[in-house]
Amino acid sequence: MITIYKEENKKLVKDKITKGEEIVIEKGSWIDITNPTQANIEEIIEKTGLPDYMLNAIFDEEETAHVEVDEDNCLIVLDAPYKEDPESGYYLTAPYIIVYNKNYFITLSRHRFEITNELFKKVKKIEPHKHARLSLHLVYRLTSLFISYLKKINILTKELEQTLHSSMKNKELFDLMDINKSLVYFSTALNADNVVLSKLTRIEEYKKYEDDMDLIEDTKIELNQAIEMCTMYREIISGMTDAFASVISNNVNNVMRVLAVITIVLSVPTLIASIFGMNFKNMPLINNEIGFWVVIGVSIALALIAACVLVFTSKRGRKKKK
């Protein structure tokens, strides 16, 4: 999908390019491209004159975050978060690319990030011709997106914690592992984006205006907050995984202990019933009218005595351990 933003009469105008439609780009425009084809990229290169290697970087899913300046052209590669499956709590990161020169500003992504939507929600005035400021706004929104996802991960972690208190299944542990993977991706991406922001501060274009410097400082604060949150959540998840693996094991052991007690208690009347089920003529109480009920009563009494002994022994053993 290709969306072009341009200013007309001091207002931002949005123009979506449908499939097969010719791309018309005016100078000073912002071209936002999601999941482009090779043909889209070639057409953009032809119309803007931007270096092909900068725009083709979008096809490399393993492209690392970095900044590259080539004469009047600037390439900024960032790692941005996205959710692979809306129903899961598993997040991934992928390159989010900004390419611009004095005439054009282009953003490219292979996945539908929420960065642009957040930008229009939070920023009142967007000026596509101010490339440095627009880049900083996008970096700031990308960082805010990380923080938003980290908060959702924290909520999901708390829900899993409540479930794991009584769980004997492995599903919750697998969910924790997925969350931990997401945090690993986030940690790597945030540190890489932090390096990119540091490099941007050394470019003269980003130091011309006080508003841009303030935006850089705000972005640094957000990035540091996101990095600290990610580090803290990773440590929590790591501790929870180890602790709840033991909890699940203890829950299973408790169930097995109860089943063992039930088995032993039931074995007493089973043994008595087995003895009286033997085909002998001189079996005690065989000719007594109430013999059956006597045997049943004795079986129940012995089963209750066995149960009391096992419960008492179990409680005594727990007290000694404490």
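Modeller: Before we start, contact here means heavy atoms within 4.5 Å. And keep in mind that this is a predicted model.

Biologist: Got it. What share of the contacts with a separation of 6 or more comes from residues 24 or more positions apart?

Modeller: That share is 64% in this protein.

Biologist: And the fold, what pattern does the protein follow along the sequence?

Modeller: It reads β-β-β-α-α-β-β-β-β-α-α-α-α-α, with seven helices and seven strands in the protein.

Biologist: Okay, cores. Which residues touch the most other members of the largest nonpolar core?

Modeller: Ile76, Tyr96, Leu138 and Tyr206 do, out of 59 residues in that core. At least two core residues come from each of strand 5 (73-83), strand 6 (91-100), helix 3 (115-122), helix 4 (131-164), helix 5 (171-200) and helix 6 (210-276).

Biologist: Which helix gives the largest share?

Modeller: Helix 4, with 13 residues.

Biologist: Back to Tyr206. What does Tyr206 touch, leaving out residues up to four places away in sequence?

Modeller: Ile76, Tyr100, Ala132, Ser135, Leu136, Leu200, Asp212, Met213 and Ile216.

Biologist: Switching topic: how much of the protein counts as buried?

Modeller: 41% of its 322 residues.

Biologist: And the surface, how much of the accessible area belongs to carbon and sulfur atoms?

Modeller: The accessible surface is about 19000 Å², and carbon and sulfur atoms account for 54% of it.

Terms used. Residues numbered from 1 in each chain as written. Predicted model: local features only at pLDDT ≥ 70, side-chain atom pairs only at ≥ 80, totals over all residues. Heavy atoms only, no water. Core = buried A, V, L, I, M, F, W, Y, C linked by side-chain atoms within 4.5 Å. Buried < 20%, exposed > 50% of the residue type's maximum accessible area, 1.4 Å probe, protein only. Helix = DSSP H or I, 4+ residues; strand = E, 2+ residues; numbered from the N terminus. Areas by Shrake-Rupley, 256 points an atom, 1.4 Å probe, with all protein chains shown as cover.
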